[in-house]
Amino acid sequence: MKRAEIEGELLAWMREPEPAPDAPRFERLARALFAHQFEHCAPYARFCEARGATPARVERWQDIPAVPTGAFKEVRLCSFPTARARHVFRTSGTSTERRGELWLDSLALYHASLEPAFRRHVLPDLHAGERVRMRVLAPSAREVPDSSLSHMFATLLERLGDDASDFDVADGALDAEGLCERAQACERPLVLAGTAFAFVHWLDHLNERGLSLSLPAGSRIMETGGFKGRSRELAREAFYAELAGRLGIAPERIVNQYGMTELGSQFYDSVLSDPAGPRRKLGPPWARVRLVDPATGGDAAAGGIGMIVVHDLANTGSVAAIQTADLGRRVDPERDDGFEVLGRAEGAEARGCSLAADVMLGGNP
Amino acid sequence: MSEDSVRAARDALVDAGAALSRRANRDVVAALARVVDGFADPGSEWRRALARDLPEATGFHPETVQRGLAVGFDAWAGTDLARLASRQRLGEDRLDDATPEWTSGFASTSVLLAGAIPMPTLLALVFPLALRSPVLVRASAADPVTPECVQASLAETDPELGAAVRIVRFDSANDEAWRTWFEAPCLVATGSDATVKALAGRAEPWQRFVGYGHRESFAALGPDALDGPALTDACERLALDLALWDQLGCLSPVACFAASSDPTAAPRLAEALAEALAATEAKLPRGRVETESAAFAVRERDEALLRAAGGRPISVYGGELHDAYTVVCEDTAELRPCPRHRFIRVHPVPDAAGLTRALAPVAPQLAAVAIEGFGPGTPELAEELARLGASRLCAPGRLQAPPLGWHHDGRSPLAPLARTCDWESPSPSLGEDDNY
């Protein structure tokens, strides 16, 4: 299959009124996309060959080699001539750090994948054609044009936000006071979306002033990313408790988004899309997650911890199979439905004489 | 363990400390020297207990534990401790004209242990005792064997010393228990940088805080060790440094440098090291690898493969599912993360000066450097590495055998745990008229 055919099928899937999982369709498209990327992305092809995988040998989508996200800092993983590139998204980092780059020649699939998943998991009660009040605690795409997150928020504002929806970060700083005023003045359900650390900055502002807001019923939060080095760090439960205390939004209405620059699709907590079920990450049907046991390369045992590997068919222009730096676990071991993110797989400290897990702050003895 | 149990342990140390303070330092050090000799004796009950119980408790393979104990303890003798104590003038108990300094331990010492390597644990208990300071030990979850084994050997050798050690285990979130731990005037903490920093922040200004945080070690071969039998021999010894304690100690090398202007030197070293590691695996199998670490290793291996696929001259040896080691031959001197568990990178540097430049970014965390093959330039390189911050320089194969008196993190082993009083006796030339 040519890329245009693959993308045509994917767009049709994404535009269905209720896109549903379809294993045969996923299998066929995943293998076709692998063949295309193997043919057009030389570094990826050489990597696959080193792993003993070629389109002729791969019989299941699960056997398609996944590239680690860190590789995007080192190698240009592009499945089209770079002269055709129209967008480059970069991972966050300081000016001295190497940053990952995602080169794209089209955003059509990115946009098509974004909206249905966001609607389903953050705005399941939104009627067709309806718009919401959305305030974004992140810099605008104008300010950070190479941020996929800012681009995502800009797209959501454009497609789903009302006239009073906008970004609340300017020149790198959160307009905390302005956001308080706008939130308090809002008379309709408010969607607050942004980075977790920006929410912490806002909470700190509210804490300093002893302010608690009571946002309109139906309001909700979508937060994403971590805190490290950007704000004080909080366990997710404590974070949600603080948000609930200061904003009056119950934890059941706070959705964490799991996404990354290297992916064209995102995963969301299920609390609004499946309020009766346990909190777990769900994504669109064209992005499937494997939890891989690093010791065997196979699936982690039921209920076991594994590396989160995402096969995202929306990544037609780069590489679809992405090995994240995170560990995860199926929430329901019996079902291939939803996972939880347990954190990064790191262990750089010398644990023989200074066990990283045995820390005073939070670790178990 | 509840906070009440921790308090009871602290209370028990008051009497034990009083008894210890009545003892002559010479006697105490002699008893501790017998304990050290006991662990250095492969046939001793305590050494056999470690060899028997550590594998299951820590996940290290029994052969690796056995060899690690041999390499680590065989270099030690009780006389080393006596020599250390003598250097610290611990044999001199009286404060008079003949001994113008008086050195003693604190009324009590609290120790936080971390990790699963037994030698540092033994010393963490023995050193305060050598200063007659009773020890409250918060043991590491990673090693439920060694602290109790050391305590039992102390008790058998000298019951008063055994009573002067109390081992406690409590949850990290048990703030009351931590409060008790923090009551000692001397605090010794080993752990991650985050742990050491957090503990240091809680210590009072009047307390002595001795922290041992994250450190890394390296190896470097010069031109004389990068070819032929010399290379094979050096790699066999380096493989032992890597295999012991599965590269989880701060004395385990995380990267190895090939210091040579010959561009084939680093690939040669990487290949020889991979062969040596494969052979070592047969004798000293790798132990348990947690999912987190295994995932880290897979990621680093795949990133290296992708950099190679991107056209850079990088090679990966091992790292497959059936391999218990990974060697990545990098094309630059830039240091990268090390997942440990027998994962090592080989970096090219043009010469000894290039080696010190490559290590400069990690100078604050530098522990030991194993060097070989630098010929007459060795003393100059050693001086440069010492200036950079290395606290130990040795030959490949000796990284896991630090002397008992090694200046861990560049510090004297006993001095940080001691208080010294200077005695300025009245001058006989001063008459009454000279009073002021």
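In α11(B), residues L231(B), C235(B), E236(B), L238(B), A239(B), L242(B) and A243(B) make contact with R268(B), L269(B), A272(B), L273(B), A276(B), L277(B) and T280(B) of α12(B). By class, this contact of α11(B) with α12(B) comprises eleven nonpolar, one polar and two charged residues. The model is predicted. The points below describe this helix pair, a helix pair in chain A, the interface of chain A and chain B, and salt bridges.

**Helices α11 and α12 of chain B**

- Helix α11 of chain B spans residues 228-243, and helix α12 of chain B spans residues 265-283.
- The two helices pack at an angle of about 55°, and their axes are 8 Å apart.
- That angle makes α11(B) oblique to α12(B).
- The crossing in which α11(B) passes α12(B) is right-handed.

**Helices α1 and α4 of chain A**

- Helix α1 (residues 3-14) and helix α4 (residues 108-122) of chain A pack with their axes 9 Å apart, at an angle of about 20°.
- Angles under 35 degrees count as roughly parallel, and α1(A) and α4(A) are therefore roughly parallel to each other.
- α1(A) and α4(A) form a left-handed crossing.
- From α1(A), the residues E7(A), L10(A), L11(A) and M14(A) meet A108(A), L109(A), A112(A), S113(A) and P116(A) of α4(A).
- The residues of this contact of α1(A) with α4(A) divide into seven nonpolar, one polar and one charged.

**Interface of chain A and chain B**

- In chain A, 45 residues are in contact with 54 residues of chain B.
- About 4000 Å² is buried between chain A and chain B, with 59% of it on carbon and sulfur atoms.
- Four salt bridges are found across the interface of chain A and chain B.
- R98(A) forms a salt bridge with E334(B), and the closest N and O atoms of this pair are 3.0 Å apart.

**Salt bridges over all chains**

- The count over all chains comes to 65 salt bridges.
- Within chain A, R90(A) forms a salt bridge with E101(A), the closest N and O atoms being 3.1 Å apart.
- R90(A) lies in strand β2 (residues 87-90) of chain A and E101(A) in strand β3 (residues 101-104) of chain A, so this pair ties together parts that are eleven residues apart in sequence.

Definitions and conventions:
Residues numbered from 1 in each chain as written. Chains lettered and ligands numbered in written order. Predicted model: local features only at pLDDT ≥ 70, side-chain atom pairs only at ≥ 80, totals over all residues. Heavy atoms only, no water. Axes fitted to C-alpha atoms, helices over the stretch in contact; angles between N-to-C directions. Helix = DSSP H or I, 4+ residues; strand = E, 2+ residues; numbered from the N terminus. Parallel < 35°, antiparallel > 145°, perpendicular 65-115°, else oblique. Left-handed = near helix turned anticlockwise from the far one by under 90°. Contact = heavy atoms within 4.5 Å. Nonpolar A, V, L, I, M, F, W, Y, C, P; charged D, E, K, R; others polar. Buried area = accessible area lost by both parts, 1.4 Å probe. Salt bridge = Lys/Arg side-chain N within 4 Å of Asp/Glu carboxyl O.
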